Structure formats: C-alpha cells, structure tokens
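This briefing is meant to be read slowly, with the sequence and the model side by side. Please look over both before turning to the notes below.

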Amino acid sequence: MLRHVVRRLLLAIPTLFVVVTIIFLVVRVIPGDPATAVLGDYATDESVATLREQMGLNEPIWRQYLDYMTGLLTGDLGDSLISRAPAWDQIRYVIPYTLELTAAALMVALVLGIPTGVITAVRRNTWVDYTGRVVSLVGLSAPAFYVGLLLIYFFSAKAGWFPAIGAGESSQPLDNLHHLILPAITLGLVETAYVTRITRSVMLNVLADDYVRTARAKGLIERVVLTRHALRAALIPIVSLVGIFTISLIGSSVLTEEVFARPGLGKLMVGATKQRDYTLLQAIMIVYSLIIIVVNIVVDLVYTMVDPRVRYE
C-alpha cells in the first residue's frame, strides 16, 4: 500500500506541472488587457503602460512563465490584480465552503442513490423499478439551478424552514448546517440520479452471477445475499466512479453557489473572470487541479481496500 501511495504521488507531480503550464497559457489568451481591466477603459495610455510594466506583462512569455513557476515553488500564487491582496488569502477563505458543500452533496447522492439502485434492480420490471427509472431520468434532465430555485420557493419562501441565501457562521456549526441543507440537496439530487442508474445496472449484472445463485441455493436469506455478496461486489465499480462524481460536484457547485449566494471557489472564479483578474483566476484553477489530483489518489486507495484482488506490482 505504501509503495502504491508513493508511486501515485510521484505520478501526480508531472501531471500537476503539465496542468499548471496549460493554465498559464490559456489564461493569457483570454481577450482583453489585464492592465486596462484594472484601470478601466478610460485610463490613459501612460497609466496602462506603467501598470503593465509593474505587472511584468511587458516581459517575454517565457520570462513570465519562469517567474510564475518560481513563485509557485515557494507557495506564492500571486496577488489579485483588483484587490492587490494575495490570491491564496481569498482562496483560503472560500475553499472550506466548497469542500463542505461537495462532501454533503456526495453523501446525499450515495445515501439516496445506492439503496434506490439496489431496490430497483431487485424489483426489476415492476412498478418500483419503473418509478425509480422515471425519477432518475427526471433528475438527469433537471438543471441544478432550477432545482435550487424550486427548493428555495417551497422550503424557504413558503415554509420558512431553511434560509435561502448565505452559508451561515462558520463558528456556529448548527447555523452552518442549517444553511447547508438546501444547497447540498440541490447539488446531491442531480448526482443521485447518476448513482441510482449506475448502481441498478451493476446490480443486475451481479445478481446474475453464479456465486449469487450459489449463495441462494445454500439457503441464505435474501438480505444476506444482497448485502454480503451482491452489493459488496457491486461497490467495486461504484467506488471507481465516486471520483468522477466528486469532480463533477466540485465543478457543478458554481451554479449552486450562485443560486444560494454562498461563498465558494466557483463564485470566486466567476467574479475573477468577469473582472479579468487573471492572476486570481489561474490561482483558482490550480487549486481546482490540485483537488482533483488528490481526489483521484484517494479513490485509488479506497479501491484497493474495497477490492482485495487488486495488487500493485
């Protein structure tokens, strides 16, 4: 296990290097001059030229790249062009909100999706199966922002059970949880549809295997057959897809954060894009990439624990 962890960490280094390089190049081809975006369209040519000099934009692209990579190696993500504050300070403030929303939405998707997928597979071609498939199809078709607006209307505006906007006070866990419920359900319901359909498909294949029929022939009760034999084997492909679900949730959190006016990486990235704050934008994208790499490593490790047949040479 330790050898596999070390190897995965070593493979992550060139991956992150390539991603950072691509981000650096892509951000610099965004239309518009960063200096003009900071000073405004009515700034004089002299002031724009002075700011470009201060920002290092007059340097050759290879020189800007070397300076940026040197800063990254020392933990410097650069300063925001708009606020002049370190980019990491802004990211450090909002990243816990994005991570907690992603974790809560993933929990909703797994808690609702896996049991529903198992039940629809066991009750194949019955009204339970048809209902579950129709509901999951609706979940796949419904945009997250529309689901969020519906939840706000019914459970916030009408019932008054949950707050409609904000993330609550981080120093008050119950208040924070109260603000988290609706956004987590909004983001989690969309992924629940994916988990349900995948779990159903995998369970149908597993239930047709010989060892499941053998377990039933031995006289084991159906609950034991489903939990200890069928579901345990079905979790192997499901776990491998959890990483994809997590990455998808992180990316989908942008709309959810906008609808519920929550702080987060997605909302911060939208603001940086509108203001052409390319320093902050590339810092956010690098943090996103790092999170995705870490998620993939964690999923690989969990996969080896779920499936003992996996051995790494």
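This is a predicted model: local features need pLDDT of at least 70, side-chain atom pairs count only at pLDDT 80 or more; totals for chains, interfaces and linings use all residues.

A residue is called buried when its relative accessible area is under 20%, exposed when that value is over 50%, and partly exposed in between.

**Overall make-up**
- The chain contains twelve helices and zero strands, so that its pattern, read along the sequence, is α-α-α-α-α-α-α-α-α-α-α-α.
- Of the 313 residues in the chain, 40% are buried.

**A nonpolar patch on the surface**
- A nonpolar patch on the surface is formed by Phe-145, Tyr-146, Leu-149, Leu-150, Tyr-153, Phe-154, Phe-155, Trp-161 and Leu-255, which together have about 920 Å² of accessible area.
- Helix 7, which covers residues 144-158, gives the most to this patch, with seven residues.
- Tyr-146 is found in helix 7, and because its relative accessible area is 44%, Tyr-146 is described as partly exposed.

**The second largest pocket**
- The second largest pocket has a volume of about 370 Å³, and its lining is made up of 16 residues.
- Among the lining residues, Leu-16, Leu-72, Leu-77, Ile-286 and Leu-290 lie nearest the centre of the pocket.
- Helix 1 (2-27), helix 4 (61-73), helix 5 (87-122) and helix 12 (278-306) each supply at least two residues of this lining.
- When the lining of the second largest pocket is divided by residue type, 14 residues are nonpolar, one is polar and one is charged.

**Salt bridges**
- In one of them, the side chains of Arg-92 and Asp-89 meet with an N to O distance of 3.1 Å.
- Arg-92 and Asp-89 both lie in helix 5, where they are three residues apart, or about one turn of the helix.
- Arg-92 counts as partly exposed, because its relative accessibility is 47%, and Asp-89 also counts as partly exposed, at 35% relative accessibility.
- Glu-100 forms a salt bridge with Arg-262, and the closest N and O atoms of this pair are 3.1 Å apart.
- Because Glu-100 lies in helix 5 while Arg-262 lies in the loop between helix 10 (222-259) and helix 11 (265-274), the pair ties together parts that are 162 residues apart in sequence.
- Glu-100 is partly exposed, with a relative accessible area of 21%, whereas Arg-262 counts as buried, at 0% relative accessibility.

- Thr-196 is found in helix 8, which covers residues 173-207, and Thr-196 counts as buried because its relative accessibility is 5%.
- Although Thr-196 and Ser-136 are 60 residues apart in sequence, their C-alpha atoms are 6.9 Å apart in space.
- Ala-193 also lies in helix 8, and with a relative accessibility of 4%, Ala-193 counts as buried.
- Ala-193 and Ile-114 are 79 residues apart in sequence, while the distance between them in space, C-alpha to C-alpha, is 9.9 Å.

Notes:
Residues are numbered from 1 along each chain as its sequence is written. Side-chain values use heavy atoms; hydrogens and water are left out. On a 1 Å grid over the protein atoms alone, a cavity is a set of points where a 1.4 Å probe fits but cannot get out, and a pocket is an open set with protein on both sides within 12 Å along at least five of seven lines; lining residues have an atom within 4 Å of a point. Grid points are joined across faces, edges and corners, and a volume is the space filled by probe spheres set on the points. Helices (H or I, at least four residues) and strands (E, at least two) are DSSP runs, numbered from the N terminus. Ala, Val, Leu, Ile, Met, Phe, Trp, Tyr, Cys and Pro count as nonpolar, Asp, Glu, Lys and Arg as charged, and the others, Gly among them, as polar. Patches are made of residues with over 30% relative accessible area and no salt bridge: like charges are joined within 9 Å, nonpolar side chains (Val, Leu, Ile, Met, Phe, Trp, Tyr) within 5 Å. Accessible areas come from the Shrake-Rupley method with a 1.4 Å probe; for residues, only the protein chains shown count as cover. A salt bridge is a side-chain nitrogen of Lys or Arg within 4 Å of a carboxyl oxygen of Asp or Glu. Buried means under 20% relative accessible area, exposed over 50%, partly exposed in between (1.4 Å probe, protein chains only).
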